Amino acid sequence: MAVGGYLLGSIPFGVILTRLGGAGDVRSIGSGNIGATNVLRTGRKDLAIATLLLDAGKGAAALLLAKALMGGASPNAEIAGAVAGGAAFLGHLFPVWLKFKGGKGVATFFGLMLAAWWPLGLVAAAIWLLTAALLRMSSLAALVASAATPLVGLMPLAVLKLPAPQPIVALSVFTAVLIWVRHHENIARLLKGVEPRIGAKSA
């Protein structure tokens, strides 16, 4: 399941869609990232939306397939889903097909959280939206949402059907750490006060 999840997560939808759509190689545009944000820099909103959905969907698919193979709702199924989902996340960040140079994992993170424990996924998405709306920085919103998600997952909020299962909380910690690692350049720009804001034109 871990190997299958990794291979599924390794599918570089951003690269595939921009090439099929005649937008060139997304790795030679903007930041060189293969995610939806950089795909948007090609000027093709349709390709960016498709990349966002597919990157989120591949993480969710890996997790849900693993759970289904283990019989659905059971402790072992939760563990299998978390393992396969974590492997898919690694596949997106370090895809074997692209010499292990992948994306930053934000869309895949949200897909995983929604599939793993939907109340937690909704809270994570709400935190991202609120931070992005207030501070107008996509990277900062991703950092805040990913860091807050494990903490929210541990809270005894009955209305949100929390706390989440331990394997899911562990998955949220694992993905959050990797998101922060992959955003090290963004963090450096944030500390310098030069991180671009949402909607700002590139130089």
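**Helix packing and salt bridges in a predicted model**

Visitor: In this predicted model, which residue just after α7 takes a positive phi?

Guide: The structure discussed here is a predicted model. Just past the end of α7, a positive phi of about 60° is taken by R136.

Visitor: Which helices do the buried residues of α7 pack against?

Guide: The buried residues of α7 are P119, L120, G121, V123, A124, I127, T131 and A132. Their packing partners are α6, α8 and α9.

Visitor: How far apart are the end C-alpha atoms of α7?

Guide: Helix α7 has 18 residues, which at 1.5 Å a residue should span 26 Å. The distance in the model agrees with this expectation: the end C-alpha atoms are 26 Å apart.

Visitor: Are α6 and α9 roughly parallel or roughly antiparallel to each other?

Guide: Helix α6 covers residues 106-116 and helix α9 covers residues 166-182; their axes are 11 Å apart and the packing angle is about 175°. Angles over 145 degrees count as roughly antiparallel. The two helices, α6 and α9, are therefore roughly antiparallel.

Visitor: How many nonpolar, polar and charged residues make the contact of α6 with α9?

Guide: From α6, the contact involves F109, L112, M113 and A116. From α9, the contributors are I168, L171, S172, T175 and I179. By class, the contact has 7 nonpolar, 2 polar and no charged residues.

Visitor: Which helices do the buried residues of α9 pack against?

Guide: In α9, the buried residues are I168, V169, L171, S172, T175, A176, L178 and I179. They pack against α4 (45-69), α5 (75-93), α6, α7 (118-135) and α8 (138-153).

Visitor: How many salt bridges does a search of the whole structure find?

Guide: Side chains of opposite charge can pair when their charged atoms come close. Across the whole structure, the search finds 6 salt bridges.

Visitor: Are D55 and K58 buried or exposed?

Guide: The side chains of D55 and K58 meet in a salt bridge, at 3.4 Å from N to O. Being 3 residues apart in helix α4, D55 and K58 are separated by about one helical turn. An α-helix has 3.6 residues a turn, so residues three or four places apart point the same way. The relative accessible area is 3% for D55 and 4% for K58, and under 20% counts as buried, so D55 and K58 are both buried.

Visitor: What are the relative accessible areas of D46 and R44?

Guide: D46 and R44 also meet through their side chains in a salt bridge, 3.0 Å from N to O. Each residue is partly exposed, D46 with a relative accessible area of 43% and R44 with one of 29%.

Visitor: Which residues does G72 touch, not counting those up to four places away in sequence?

Guide: G72 is found in the loop between α4 and α5. At 22% relative accessibility, G72 counts as partly exposed. Beyond four places in sequence, the residues that G72 touches are K67 and A77.

Technical notes: Residues are numbered from 1 along each chain as its sequence is written. This is a predicted model: local features need pLDDT of at least 70, side-chain atom pairs count only at pLDDT 80 or more; totals for chains, interfaces and linings use all residues. Side-chain values use heavy atoms; hydrogens and water are left out. Axes are lines fitted to C-alpha atoms, for helices over the stretch in contact, and angles run from 0 to 180 degrees between N-to-C directions. Helices (H or I, at least four residues) and strands (E, at least two) are DSSP runs, numbered from the N terminus. Angles under 35 degrees count as roughly parallel, over 145 as roughly antiparallel, 65 to 115 as roughly perpendicular and the rest as oblique. Contact means heavy atoms within 4.5 Å. Ala, Val, Leu, Ile, Met, Phe, Trp, Tyr, Cys and Pro count as nonpolar, Asp, Glu, Lys and Arg as charged, and the others, Gly among them, as polar. Buried means under 20% relative accessible area, exposed over 50%, partly exposed in between (1.4 Å probe, protein chains only). A salt bridge is a side-chain nitrogen of Lys or Arg within 4 Å of a carboxyl oxygen of Asp or Glu. The expected span of a helix is 1.5 Å times one less than its number of residues.
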